[in-house]
Amino acid sequence: MLRLSLIRRAAALGLALCAAWSAAAGASPKQLRVIVPFPPSGNLDTIARLVAEGLQPAFGVVIVENRPGANGNIGADQAFKSPPDGSTLMFAPYGPIAVNQHLYPRLSYDPAQWVPVAMLGTVPNVLAIHPSLPVQDLAGFIAYLRANPGKVAFASQGAGSSSHLAAELFMQLTGTSMLHIPYKGTGPALVDLLGGQVTVFFDTLSSSGKYHKSGKLRILAVADDKRSPVLPEVPTFAEAGPPSMSQMMANAWYAVVAPPNTPREVVEKYERAINEVLSSPAIQKKFEEMGIAPLVATSAEAGRFMRQEAEKWGRVIRASKITLD
């Protein structure tokens, strides 16, 4: 896991960021376009708009453009082909940055050429089950799957989504099998999980946590290296399962990348500015309310993390023989 620590908050955020711009670019701020390759109102869109607002003191007009479609590929194509002059950034989850190249036979952009800028945040996936499933803990769940191979249906946000890949990783690590039922997003999947039409969902903590607290769902484990402060009673996979579960790390994450060939000085300028915004108490509080941990990282750290994630999920996808058109 990427281990990142929050940098100290700025005493005067707006002045500090404007000074950083002037020193790095030697010019007045210009309009910044932030491409979000997914629809409005989701976690990513909310994060992008919060951070964009924080960047405005330094960069003037910051416009967030939603360009959804094809698992993030449509917006990614537009960001990738934008001029590398610092006028465009992409705020995205792991799909168009680290995963889609393993899912699709052809892409109109080359994810290996993204220029990493910064991380934004992460939220752990959790194993959520319907209470009708006759298990009480992770060990019992694994035993039940082994006794009923292919008979338990798990929901996902769609083929190739984080919930789908987390389930595939889990099945590979435990030698179990389940029936995949893909949905068009978290909302429909949760509706059927709450209704018992499906009984398993590797969802994010931010969306399933409240149903666990109300007793409508049961969260058996957190796919992280530590327990969540939101649900401290729920163990990690490593704590609750066999030794293989130490590899069950499956977090949804959000990051910032720039078009290929974006100059280093431009990247460093945005890296500093974004990290300043993420370090502000107001942003941290809003992220916490969403169940998301802000991640402050250098562009080099972000790049290493993205490469590690691409390698990990590439192995999972190849082993599972997942392909998308």
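**Salt bridges and overall fold**

A: The count of salt bridges comes to nine. The model is a predicted one.

Q: Which residue meets Glu65 in a salt bridge, and at what N to O distance?
A: Glu65 pairs with Arg33 through their side chains, at 3.4 Å, N to O.

Q: Where do Glu65 and Arg33 lie?
A: Glu65 lies in strand β2 (residues 62-66) and Arg33 in strand β1 (residues 32-36), so the pair ties together parts that are 32 residues apart in sequence.

Q: Is Glu65 buried or exposed? And what about Arg33?
A: Glu65 counts as buried, because its relative accessibility is 18% and the cut-off for buried is under 20%. Arg33 has 23% relative accessibility and counts as partly exposed.

Q: Which pair does Glu271 form?
A: Glu271 and Arg264 meet in a salt bridge between their side chains, at 3.8 Å from N to O. Glu271 is buried, with a relative accessible area of 12%, whereas Arg264 counts as partly exposed at 43% relative accessibility.

Q: Which residues do salt bridges with shared partners join into one network?
A: That network consists of Arg33, Glu65 and Arg67.

Q: What about Arg227: which side chain does it meet in a salt bridge?
A: The partner of Arg227 is Glu239, with 2.9 Å from N to O. The pair links distant parts of the chain, twelve residues apart: Arg227 is in the loop between β8 (218-222) and α9 (237-240), and Glu239 is in helix α9. Arg227 is partly exposed, with a relative accessible area of 36%; Glu239 is also partly exposed, with 48%.

Q: Staying with charge, how many positive and negative side chains does the chain have?
A: There are 29 positive and 24 negative side chains, and the centres of the two sets lie 2 Å apart.

Q: Now the fold: how many helices and strands are there?
A: The secondary structure comprises twelve helices and ten strands.

Q: Why does the radius of gyration agree with a compact globule?
A: A compact globule of 325 residues would have a radius of gyration near 20 Å, and the chain has 20 Å, so the two agree. Along its principal axes, the C-alpha trace spans about 65 × 40 × 35 Å.

Q: What share of the residues is buried?
A: Of the 325 residues, 54% count as buried. The chain exposes about 13700 Å², and carbon and sulfur atoms supply 54% of that area.

Q: And what share of the contacts joins residues at least 24 apart?
A: Among contacts between residues at least 6 apart in sequence, 78% join residues at least 24 apart.

Q: Next, helix α3: how many of its residues are buried?
A: Helix α3 (residues 73-80) is mostly covered, with six of its eight residues buried. The buried residues are Asn73, Gly75, Ala76, Asp77, Ala79 and Phe80.

Q: What covers the buried residues of α3?
A: Their cover includes β1, β3 (88-93) and α4 (94-103).

Q: Finally, where is Gln113, and which residues does it touch?
A: Gln113 is placed in the loop between α4 and β4 (115-129). Leaving aside residues up to four places away in sequence, Gln113 touches Phe80 and Pro260. Phe80 is one of the buried residues of α3, while Gln113 counts as partly exposed at 40% relative accessibility.

Q: How far apart are Gln113 and Ala258 in sequence and in space?
A: They are 145 residues apart in sequence and 9.3 Å apart in space, C-alpha to C-alpha.

Notes: Residues are numbered from 1 along each chain as its sequence is written. This is a predicted model: local features need pLDDT of at least 70, side-chain atom pairs count only at pLDDT 80 or more; totals for chains, interfaces and linings use all residues. Side-chain values use heavy atoms; hydrogens and water are left out. Helices (H or I, at least four residues) and strands (E, at least two) are DSSP runs, numbered from the N terminus. The radius of gyration is taken over C-alpha atoms; the globule rule is 2.2 Å times the number of residues to the power 0.38. Buried means under 20% relative accessible area, exposed over 50%, partly exposed in between (1.4 Å probe, protein chains only). Contact means heavy atoms within 4.5 Å. Accessible areas come from the Shrake-Rupley method with a 1.4 Å probe; for residues, only the protein chains shown count as cover. Lys and Arg count as positive and Asp and Glu as negative; His and the chain ends are not counted. The place of a charge is taken as NZ of Lys, CZ of Arg, CG of Asp or CD of Glu. A salt bridge is a side-chain nitrogen of Lys or Arg within 4 Å of a carboxyl oxygen of Asp or Glu.
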